[in-house]
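Visitor: I'm new to this one and would like a close look at a single part. Could you show me the structure before I ask?

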Amino acid sequence: MATVPLGFNIDTPRWDQSTFVGRLKHFLNITDPRTVLVSEKELDQAKTLVEGCRAGLVPPGSSQEQLLYAKKLYDSAFHPDSGEKMNLIGRMSFQVPGGMAITGCMLQFYRTVPAVVFWQWVNQSFNAIVNYTNRNAASPISLRQIGVAYVTATSAALATAVGLNLYTKQAPPLLARWVPFAAVAAANCVNIPMMRQQEIINGITVTDGDNNELGHSRRAAVKGIAQVVLSRITMAAPGMIILPIIMERLEKFTFMQRIRVLHGPLQVLLCGGFLLFMVPAACALFPQRCSLALADLELELRDSIVAKHGDKVPYVYFNKGL
C-alpha cells in the first residue's frame, strides 16, 4: 500500500460549502445521474478506497483524480451518517431518471380522477423511499411509523389532488395543470416530517466544530426537516409550474395536435431537463452540515453544553439529511 498524497484529505470538500455556488458544484458532482449505472462492485471498491484513504493508505499508483472519483461514487451511494449503501431508488442521483418519469406522467395524466389517484400514489411511494433513505440515520424509525407516514402523506396528496381537480373543472385549463404541483407540495409538508418523526420526538445528534458529540436536540431536527421540506418543494416547482405553461402554448400549434401520442414522452424529457439542474440546486439551498446557535437550543441541552465547555461552543452542528 502507498501513503496518501501529502496534504490531501479525502473528506475535505472540493468546493466552499459556506456558499451556494460551492454547494451547487458539490451536488452537481454527487447527484450526477450517470452514477446510477455504476456497478455494485465498483461502488464497493470506491468505498474501500475511500476508507483506506481515511486510514492513510491507498493502492500503489492511485492518483488524486482516482481518489476524488471514488469519493464522488461514495458520496452518491453511501449514507453520510451510517456509511451504509443506500438503495438505488432512494439515492439523490436517481432523482433525475426517477423523478422525470413520474413528474412527466403526473403532468400529462391530470384530467381524470383515476389517473390522478394512480400517479399521485406512485409519486408518494417514490417520495417515501427517498425520504426514508435520506433521513438522519442516527434516528431509527419503526415499520409501523413508516407505514403511518406513508399512508398519511399519500392521503394528503390524493385529497389535495382530487379535491383541486374537481374544483378546477370550470377553471382555465392552465389552473388544472398546476394541480399536481399543489398536491406534491402539500404531501411534502406531511411526508418528510412524518417519515422523520423520530428525529422530532427524540432529537438528533449535535456536535461542536470538531465533530465532538454534545447531545441530542429536537430544535435542530425541526430546523433540518423544515429546510429539507423547502428544498424538495423548490426541486419540483420550476418543472411543475413552468412546464404546464410551455405545454399549454405548444398544444395550440397544429403539429402538436397531430402528435398527441408524443405529448407524454415530451413532458418526461422536459421534466428531466428541469430536474437535471434543480436537484443539485435544491440540495444546495442549505448547507448539508447545518448549524444552530447555542442560544436557540433547548434550555437543558444549552445549560449542559455551557457547564462543560463554557463559551467555547457558540454554535452546534448536525446533518440535516436531504
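Visitor: Which residues does Thr103 touch, not counting residues up to four places away in sequence?

Guide: Two quick notes before that. This is a predicted model, where local features need pLDDT of at least 70, side-chain atom pairs count only at pLDDT 80 or more, and totals for chains, interfaces and linings use all residues. Residues are numbered from 1 along each chain as its sequence is written, and side-chain values use heavy atoms, with hydrogens and water left out.

Now to Thr103: leaving aside residues up to four places away in sequence, Thr103 touches Met240 and Cys271, a contact being heavy atoms within 4.5 Å. Thr103 itself belongs to helix α4, residues 95–108 (helices are DSSP runs of H or I, at least four residues, numbered from the N terminus). It counts as buried because its relative accessibility is 14%; buried means under 20% relative accessible area, exposed over 50% and partly exposed in between, using a 1.4 Å probe and protein chains only.

What about the stretches around those partners? An unreviewed UniProt entry annotates residues 148–168, 225–246 and 266–286 as "transmembrane region"; positions follow the numbering used here, feature names are shortened, and such annotations may be inferred rather than shown by experiment. In the model, residues 225–246 are 100% helix and 0% strand, with the end C-alpha atoms 32 Å apart. Residues 266–286 come out at 86% helix and 0% strand, and their end C-alpha atoms are also 32 Å apart.

Key:
Helices (H or I, at least four residues) and strands (E, at least two) are DSSP runs, numbered from the N terminus.
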